[in-house]
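Subject: Handover of a structure

Dear colleague,

Please find below the structure that I am handing over to you. My findings follow it.

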Amino acid sequence: MYHNLLILFVINLLLASLTFLTHSMAGHGWLALEAPWLLLALTLPSRGTRRRLAPWLAGVLSLLVLLAILDALARLSLGRAFNPLLDTSLARPAYHLMIDNVGKFLTVTGLVVAAALWLMLTWGLTRLLAGARPLPVAARHRAAIALMLVPLGAGLAPLTAPAPLATPALTLIERHWQQWRETHDTLSDFRRRLAERAAPARALPGLAGHDVALTFIESYGVSALFDPRYAPVLRPRLERLRRDFAAAGLHVASARLTAPVQGGQSWLAHGSVISGLWLTSQRHYDLLLAQGAPTLVDDFRLTGQRSVAIMPAITAPWPAGRRLGYDAILDARNIPYQGPALNWVTMPDQYTWRFFADYRERQARPLFAELAMISSHAPWTPILPLLDDWDGLAGGGRFASWADAGPSPEVLWQDPERVRHHYIRAIDYALAAMGGFAERYLGKEALLIVLGDHQPAPLITGEDASRDVPVHVISADPTLIRPFIAAGFKPGLMPPSDPARWRQADFRGLLHRLFGAHRGAATPGSQ
């Protein structure tokens with residue numbers, strides 16, 4: 001009898017933890033109805049049957065706990081629940097990101113320890129459940145009837161229960177089953193629309209003869225500008241940039257765009273902007289590449305620009321870039337940076353901007369460049385100062401002084417408040433580097449488009465934050481900025497406080513409406 005009570009207590013404790021980990025909406029009760037149901041299933045008269053059933057039940061329980069933990073991690077880092085149909089492809093990037101941040105030894109050790117703990121949990125549950133004591137037949141029948149009548153007697157649906165009762169396991173399974181069905185239907189619909197309605201490549205004659213640089217600043221979301229914790233740091237930076245741009249003869253306008261992701265998967269934001277398709281998962285991105293859907297790379301090729309992707313975070317071959325059709329791909333392996341890597345960041349933004357300025361000068365025809373600025377990527381340590389001598393950055397050796405500066409990631413991330421402080425300082429540095437490039441090297445006929453790829457993780461923004469990101473358009477030619485203002489952009493560097501009018505996937509269509517062959521005409525909505 002006492003062994004059965006121990007089983008009931010342990011199962012209830014595990015199932016109650018599912019509610020805590022997944023923020024379950026099916027009651028916040030601390031008594032899980034599934035616990036007595038599972039115990040009842042184990043009180044079969046045959047000992048052999050109990051022993052055969054115990055490993056299966058233990059495996060299911062430990063898998064539910066693992067799923068709940070993955071849910072909690074996904075909410076913390078990506079602002080949404082874990083989706084097995086979409087997120088298994090993230091395992092390899094996540095592994096390499098952990099290695100870059102805390103090193104291979106700690107990463108492998110942590111994974112081995114996690115796997116060992118999970119196996120120990122499964123083994124322990126198996127041993128515990130196999131020792132269940134049988135109940136008399138009459139007692140089992142009375143218990144079964146009582147457990148069936150509890151939720152019905154409360155006047156609720158069979159899979160719900162009044163507080164303090166809950167059904168966390170059934171709720172978790174039901175929610176993920178519904179998620180799987182919705183995801184499957186969404187991917188099927190996206191595949192159909194991609195085949196039928198992807199916008200064809202079209203020239204942008206209003207931008208012919210101009211260098212156009214589409215630049216993504218890592219983790220630059222509207223929270224950096226409107227969250228009271230961060231605005232006191234960033235708004236003065238924007239004011240300084242406004243004065244510097246005015247002195248340099250630069251015109252600027254700003255707006256907000258809604259990103260398809262939060263906290264990671266930057267390539268989905270990049271892909272949404274250049275394709276005009278709403279890419280919310282790796283499957284969407286893979287379908288985009290498989291179908292060879294046209295993008296801004298093709299549009300600018302028809303316009304006369306040479307296309308280049310400057311991606312300092314990429315350290316291995318990038319097949320997706322070749323499929324997107326860039327004329328040149330410059331990544332960490334062929335950008336001539338000889339300074340130190342700064343944890344995950346392969347090179348500081350200031351060096352990348354200086355390299356791009358030199359690269360532009362060597363081109364015989366206008367460029368369409370897509371750039372990724374990565375100094376504001378987690379773990380946000382060390383924080384570099386902006387160096388005054390831009391001409392002395394060749395090779396990157398001057399950054400050696402900061403190779404071991406600041407706290408290590410594993411030390412910094414023990415203090416969430418300190419992490420937030422480092423985050424906004426990294427964004428401040430990224431904007432300062434962008435501004436320094438624009439006022440010194442942008443030139444008279446170039447258009448610089450700067451936007452955030454996505455909001456940072458909920459640890460930084462809070463769980464209910466908008467997914468909007470700022471977008472700034474900057475040029476010394478006012479005729480390139482006026483169309484954006486006429487379309488709804490706000491003059492200056494501060495975007496509106498109202499929610500975004502456009503998604504990132506709408507930006508390609510917006511460029512065609514403002515600078516395409518039929519300027520001012522309506523354009524199809526994004527996919």
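The accessible surface of the protein comes to about 23700 Å², and 61% of this belongs to carbon and sulfur atoms. Such areas come from the Shrake-Rupley method with a 1.4 Å probe, and for residues only the protein chains shown count as cover. Please note that this is a predicted model, in which local features need pLDDT of at least 70 and side-chain atom pairs count only at pLDDT 80 or more, while totals for chains, interfaces and linings use all residues. Residues are numbered from 1 along each chain as its sequence is written, and side-chain values use heavy atoms, with hydrogens and water left out.

The protein has 527 residues, of which 50% count as buried (under 20% relative accessible area; over 50% is exposed and in between is partly exposed, with a 1.4 Å probe and protein chains only). It contains 20 helices and eleven strands, which are DSSP runs numbered from the N terminus (helices: H or I, at least four residues; strands: E, at least two). Of the contacts (heavy atoms within 4.5 Å) between residues at least 6 apart in sequence, 77% join residues at least 24 apart.

Two residues illustrate such contacts. His-512 lies in helix α20 (residues 507-515) and is buried, with a relative accessible area of 4%. Not counting residues up to four places away in sequence, His-512 touches Arg-202, Ala-203, Leu-204 and Asp-299. Although Arg-202 and His-512 are 310 residues apart along the chain, their C-alpha atoms are separated by 8.1 Å. Ser-219 is placed in the loop between β3 (212-217) and α9 (223-226). Ser-219 is buried, with a relative accessible area of 4%, and its contacts, not counting residues up to four places away in sequence, include Ser-376, Trp-380, Asp-453 and His-454.

I also examined a pair of helices. The axes of α11 (residues 266-275) and α12 (residues 282-291) come within 10 Å and cross at roughly 45°; axes are lines fitted to C-alpha atoms, for helices over the stretch in contact, and angles run from 0 to 180 degrees between N-to-C directions. The two helices are therefore oblique to each other (angles under 35 degrees count as roughly parallel, over 145 as roughly antiparallel, 65 to 115 as roughly perpendicular and the rest as oblique). Trp-267, Leu-268, Gly-271 and Ser-275 of α11 make the contact with Gln-282, Tyr-285 and Leu-288 of α12. Among the buried residues of α12 are Gln-282, Tyr-285 and Leu-288. After α12 comes Gly-292, with a positive phi near 65°.

Yours sincerely
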